[in-house]
Amino acid sequence: MGGEGEDGGGDRGTDGDQEVGIATKTRAKPKKPSQFKVLMLNDDYTPMEFVVMVLKRFFNMDLEQATRVMLHVHQKGVGVCGIFPYEIAETKVNQVMDFARQNQHPLQCTLEKA
Ligand code: TYC
């Protein structure tokens, strides 16, 4: 009981103690790599067929899934194409945006923390 515990630290720097060394404390709960939603946004100009092609090409959806997601976005304004680790999600967004630009469509795609 009492005394100066290692985790006290209340008098740090007042008595000449040198608290040096390597921090060895580990997290009790290691963090999972964070996941990001790739969101597709609606607009009035991009053809429905183009959005379906994008969902098939970059998100490996079949025609039925792609059509369902496209119609959801068309009706609600936004929809989830998939959930990925940050680097993969970012790559997908760039691929979709580049492909839309090359085809002169204003289609927008973005990331959001899951
Ligand atoms: N709203 C578009 C149209 O009527 C279709 C569309 C759907 C566009 C989904 C973008 O992410 C989108 N042609």
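Predicted model: local features only at pLDDT ≥ 70, side-chain atom pairs only at ≥ 80, totals over all residues.
**Entry 1: Asp98 and Arg101.** I looked up the partner of Arg101 and found that its side chain meets that of Asp98 in a salt bridge, at 3.2 Å from N to O. Both residues lie in helix H3 (residues 86-102), 3 residues apart, so about one helical turn separates them. Asp98 is partly exposed, with a relative accessible area of 37%.

**Entry 2: the count.** I asked how many salt bridges there are by this rule. The count comes to 3. I recall that side chains of opposite charge can pair when their charged atoms come close.

**Entry 3: Arg68 and Glu64.** I then turned to helix H2 (residues 63-76), where Arg68 and Glu64 lie 4 residues apart, about one turn of the helix. Their side chains meet in a salt bridge, with 3.8 Å from N to O. I recorded Arg68 as exposed at 52% relative accessibility, and Glu64 as exposed at 59%.

**Entry 4: Glu112 and Lys37.** I found a salt bridge between the side chains of Glu112 and Lys37, at 3.2 Å from N to O. This pair links distant parts of the chain, 75 residues apart: Glu112 is in strand S3 (residues 108-113) and Lys37 is in strand S1 (residues 35-41). Glu112 is partly exposed, with a relative accessible area of 36%. Lys37 is also partly exposed, at 24%.

Notes. Residues numbered from 1 in each chain as written. Heavy atoms only, no water. Salt bridge = Lys/Arg side-chain N within 4 Å of Asp/Glu carboxyl O. Helix = DSSP H or I, 4+ residues; strand = E, 2+ residues; numbered from the N terminus. Buried < 20%, exposed > 50% of the residue type's maximum accessible area, 1.4 Å probe, protein only.
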